[in-house]
Amino acid sequence: MDLYQIFQGGPTDYKWKQLGEYLKGSQLNAGKGIKIENSTSSGSIISAKQPRDIKQSQAPPFSVLSLRKNSSNTYAVQIQEGWVIERKTRYDSSVDAVSFHEVNLGGAAMSTRPRNEISLEHDQFAYVEFGTTNEGFVNTTPTITVASSVPNSTHHQPPSGVSAGAYGSYKVKLFKLTIDNGSPKIIVYQQSDIEHTRLPTFRNVGGERYIHKDWDGAADRYDFRTLKQHEPSNVNYGKVIVDFVNTEDDEQNDAIKFSAIAEKTSPSQIKVNDDNAGTITVRGNDVNGTILWMDCDGDDTTLLDWRDGLITSVGEQTITAGCTPSGSSGDILYHTGSTWVTLAKPSQTNPNGGGYDLTHMGGSTVAPQWTSGLPSANSGDILYYNGSTWVTLAKPPSTNPDGEWFVLAHAGGSTVAPEWIPHD
C-alpha cells in the first residue's frame, strides 16, 4: 500500500498529523464543560466552555420592580405580584387542598394593569396582612400596608375544651425603605409567596368534661387532661381505672380500662341496675319497715323507719315514758279503768277551819272526791253534825261549882246542837 492510498489522495499537514495521532494510539475526547479545537498550526487547543447566562423570566414575588422619587421625602414603588398560599389539611373532595389568595394593593389586586404603586418614606415598611378564623382558614383578603412599624402577628387559636378559640391576624414584612446619604435603599425581608400554615385542631365529641383541655399559645402546644384515680387513705376501696400492665407505654395499654360495679351474689342486700343509657342505679333489697312508740293516748312516735332496706329516719327521736295527763301543783291522779285522769286539789280553804279528806263511795263508783274534813278542836271537845257539816262542841269552860260533873244533854225535836249541863 502506498502513501496515496493511505492518505486517500495527496498528503497534507493535517493528514500527517492525524496519521501521527493514530500511530501514537491516543485520542483526545472532550469532557463536560470542556471543548477541543484543532488547528493545523497549533495542534489541539483545550479550553473550558463559557456558561450560558440564564435570564430570569420574571422578578420574584413581592420584589421591588421600580423606585421613583415623587417628592422630597417619598418614593413611589412598584411591586411584583405575590400570593398567600393556604394549604388545607382536611379532606374534602369539594375543596382544593391548596388555595391561592391574591394580594391587594391600593384597593385592587396586584395583577391589575397598569400596576398600582405604594408611597414610602424613610424607615417605612411594606407588609402583607390577612386574617384567619379560629381554625386557621384565611377569611380576609390579604392587603399590602405601609407603616413605620409592623405589629406583631396574632396566631389563631383552635377551639379546645370549653374555649371557642381565637381568630388570627398575620403581618408579613416584605421590605423596608431607608434613605442613605440621599440615596434610597431597599432592605428585603420576603421575596417569595407567603405560605400560611394552620395549626392542627382537636374536637371533643359530646359534652360534659373535656379531655382536650386547651391550646397553650405561650408554649405553642396542646394541653390534654389526665384521668386521675382517686386513692383514699386508711380505707378499703376499689379502683375505677384499672392499673396498666407491664409499662404504661405498651400497646396493650392504649385503651384505658375501667372497673365495673357489681352486687354481691349472696346475700345481696344491695342491688345494682344498669339502664343501658348511661345511668347505674344502686338500690336496696325492697324491704320496708317502721318501729313506733305508742303512748297511753294512742299517739305514736316514729323511732326508726327504713325503706328499700335503708334507714330513712331523720335526726334523733325523743319520747317520754308513762302516761301523764296535764295538772298543777297539788293535783293527784286516779285511773278510770281505761286511762289516768287528774283529780284537782280543792279550789279553796275549808270554811270549817280544817282540811279536806279524800273519800270514796265504794261499789261501782269510780271517782274519788275531796270531802270537808273535821273542824279544829281542843282536848276534851266533841264533834256533832248540824245537818250539813261537822262542828265542834267545846268542853265546859270551867269546873262545876256544885262539885259535880257536867252532863251532855240534848233537847230533842228540832234542836240540833247538844250542850253541856252541870249535874245536880
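Which residues form one aromatic cluster? I began my notes with this question and found that F202, W215, Y222 and F224 form the cluster. I note here that the model is a predicted one.

**Entry: aromatic pairs**

I searched the whole structure for aromatic pairs, and the search returned six. I then looked at W83 and F100, whose ring centres are 6.4 Å apart. The planes of these two rings stand at 90 degrees, so I recorded the pair as edge-to-face. I looked up where the two residues lie: W83 belongs to strand β5 (residues 83-87), and F100 belongs to strand β6 (residues 98-102). The pair therefore ties together parts that are 17 residues apart in sequence. I also checked accessibility for both residues. W83 is partly exposed, at 31% relative accessibility, and F100 is exposed, with a relative accessible area of 52%. The limit that I needed for F100 is that exposed means over 50%.

**Entry: charges over rings**

I next looked for charged side chains over aromatic rings. K173 lies over the face of Y189, at 4.6 Å from the ring centre. R198 lies over the face of F137, and here the distance to the ring centre is 4.0 Å.

**Entry: Q190**

I then followed the side chain of Q190 to two backbone oxygens. It reaches that of S192 at 2.9 Å and that of D193 at 3.5 Å. With neighbours within four places in sequence left aside, Q190 is in contact with P61, F62, V172, K173 and L174. K173 is also the residue that I had noted over the face of Y189.

**Entry: E263**

I turned to another loop residue, E263, which is found between β16 (221-224) and β17 (271-274). At 35% relative accessibility, E263 counts as partly exposed. Which residues is E263 in contact with, leaving aside its neighbours within four places in sequence? I listed I270, K271 and V272. For V272 I noted a further detail: its backbone nitrogen lies 2.7 Å from a polar atom of the E263 side chain. I also looked up the separation of E263 and N273, which are ten residues apart in sequence; their C-alpha atoms are 9.1 Å apart in space.

**Entry: an open sheet**

I traced an open sheet of three strands and wrote down its order as β3-β4-β9, with antiparallel pairing. Which strands stand at the edges? They are β3 (64-69) and β9 (118-121); each has a single partner strand, so one side of each is left without a neighbour in the sheet. From one strand to the next, the twist averages 35 degrees. I then examined how β3 meets β4 (residues 74-79): the two run antiparallel and are joined by five bridges. Within this region, V64 stands opposite I79 in β4.

**Entry: a hairpin**

My last entry concerns strand β22 (residues 332-335) and strand β23 (residues 340-343), which pair in the antiparallel sense over four bridges. How many residues lie between β22 and β23 in the hairpin that they form? I counted four, and I noted that G337 in the turn has a positive phi of about 110 degrees. Across the pairing, L333 stands opposite T342 in β23.

Technical notes: Residues numbered from 1 in each chain as written. Predicted model: local features only at pLDDT ≥ 70, side-chain atom pairs only at ≥ 80, totals over all residues. Heavy atoms only, no water. Buried < 20%, exposed > 50% of the residue type's maximum accessible area, 1.4 Å probe, protein only. Contact = heavy atoms within 4.5 Å. Polar contact = N/O pair within 3.5 Å; in protein donor to acceptor, adjacent residues only side chain to side chain. Pairing = 2+ DSSP bridges. Axes fitted to C-alpha atoms, helices over the stretch in contact; angles between N-to-C directions. Phe/Tyr/Trp six-rings, centres within 6.5 Å; stacked < 30°, edge-to-face > 60°. Lys NZ or Arg CZ within 6 Å of the ring centre and 35° of its normal.
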